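Visitor: I'm new to this one. Could you walk me through how to read it?

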Amino acid sequence: MSKTSTLLASLASAALVAAHGHVSHVIINGVQYKNYDPTSDFYNPNPPSVFGWATLQQDNGFVEPNNFGTADVICHKSGTPGKGSATINAGDKISIVWTPEWPDSHIGPVIDYLANCNGPCETVDKSTLKWFKIDGAGYNSVTKTWASDDLRKNGNSWLVQIPADLKSGNYVLRHEIIALHGAGSPNGAQDYPQCMNFRINGSGNNSPAGVAGTSLYTATDPGILFNPYVSNIQYPVPGPALIPGAVSSIPQSISVATRTASATIPGAAGPTSAAGTTTTAAGPVTTSTSAKPTTTLVTVTSAPATTAPPAGGATQTKWGQCGGSGYAGPTVCASGSTCSVLNPYYAQCV
Ligand SMILES: [Cu+2]
């Protein structure tokens, strides 16, 4: 089949089989950053510049264990560096938010790595990145929950803390869920790695050693080829050991965003979160429910774009999401585009 028809076929089957997912955004100290959206940005001739890596994950799918020795496992299929970065501080906690709904059947560990780009991450050769593990949660035999269950309970989000003593630099965060529902069979685990660029500032000098992405796992590791349907689960989280001082998981909670910001793009005039032309509105509106918090965001832009929606209006920009299961954002498309339902989980302004 042609590439196009292959993609369409996989999109169709993905909608039928399961939602799977990708990271839609992250929230850092109340500021929300959009991630690369493989299900819409890929089709956008002029996609937004984001800190997330671009991937051929149009089906919201996964990397299979037989490919754990290939470059696809580093930052998902055909991953290429994000065009920008977000600036944070060592010690910050980052809430990584997945698309709703992560399927409850897709039980497994949640693991986070960092790798120093030793230069701009926007142009880094991913094969040179050396990953060190900053958290890695598997099965909690006390609560009898998987890390993926905790993620689902917290609005499909995972809270990860950057080591407080980390040396300043440009880093890629590699966040992943490994789904184990089929992992009792060879090549049955499903890896969903997601990469994002960060400029991390700090006064520390910790520069942990790491391993190449292609050396993180093999298809027969005890935590990859693993039957989760046993009564006494003893799950070994796969991959290298946590760096000294790291914990398998910090206490999880939902983060609330009070505004959005764009990634900082190299050579651009600076982050669009710069003060000066900030539009403010009434404080954030947050509904605290255990299942799905809704958050009203104040969008911060450096200059009004000609295609910008009316101030305060709930209008989605062209190529943005306008509907789908669990989606709570704007459903009205900017003039010149209409909302098209791609599958039960995603509708897009096209
Ligand atoms: Cu699935």
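Guide: Let's begin with contacts, meaning two residues whose C-beta atoms, placed from the backbone, lie within 7 Å. In the protein chain, 71% of the contacts with a separation of 6 or more are between residues 24 or more positions apart. Bear in mind that this is a predicted model: local features need pLDDT of at least 70, side-chain atom pairs count only at pLDDT 80 or more, and totals for chains, interfaces and linings use all residues. Residues are numbered from 1 along each chain as its sequence is written.

Visitor: How many helices and strands does the protein chain have?

Guide: Both are DSSP runs numbered from the N terminus: helices are H or I with at least four residues, strands are E with at least two. Here there are three helices and 21 strands.

Visitor: In what order do the six strands of the open sheet come?

Guide: Strands pair if DSSP finds at least two bridges between them. The order here is S3-S11-S10-S5-S6-S12, with mixed pairing. S3 (86–89) and S12 (211–212) are at the edges with a single partner strand each, so one side of each has no neighbour in the sheet. Inside that order, S5 (residues 110–116) and S6 (residues 130–137) pair antiparallel over five bridges, and Val110 stands opposite Ala137 in S6.

Visitor: Is Pro81 buried or exposed?

Guide: A residue is buried with 20 or more other C-beta atoms within 10 Å of its own, exposed with 12 or fewer, and partly exposed in between. Pro81 has 23 such neighbours, so it counts as buried. Pro81 sits in the loop between helix H2 (72–75) and S3. Beyond its neighbours within four places in sequence, Pro81 contacts residues including Trp53, Cys121 and Asn197.
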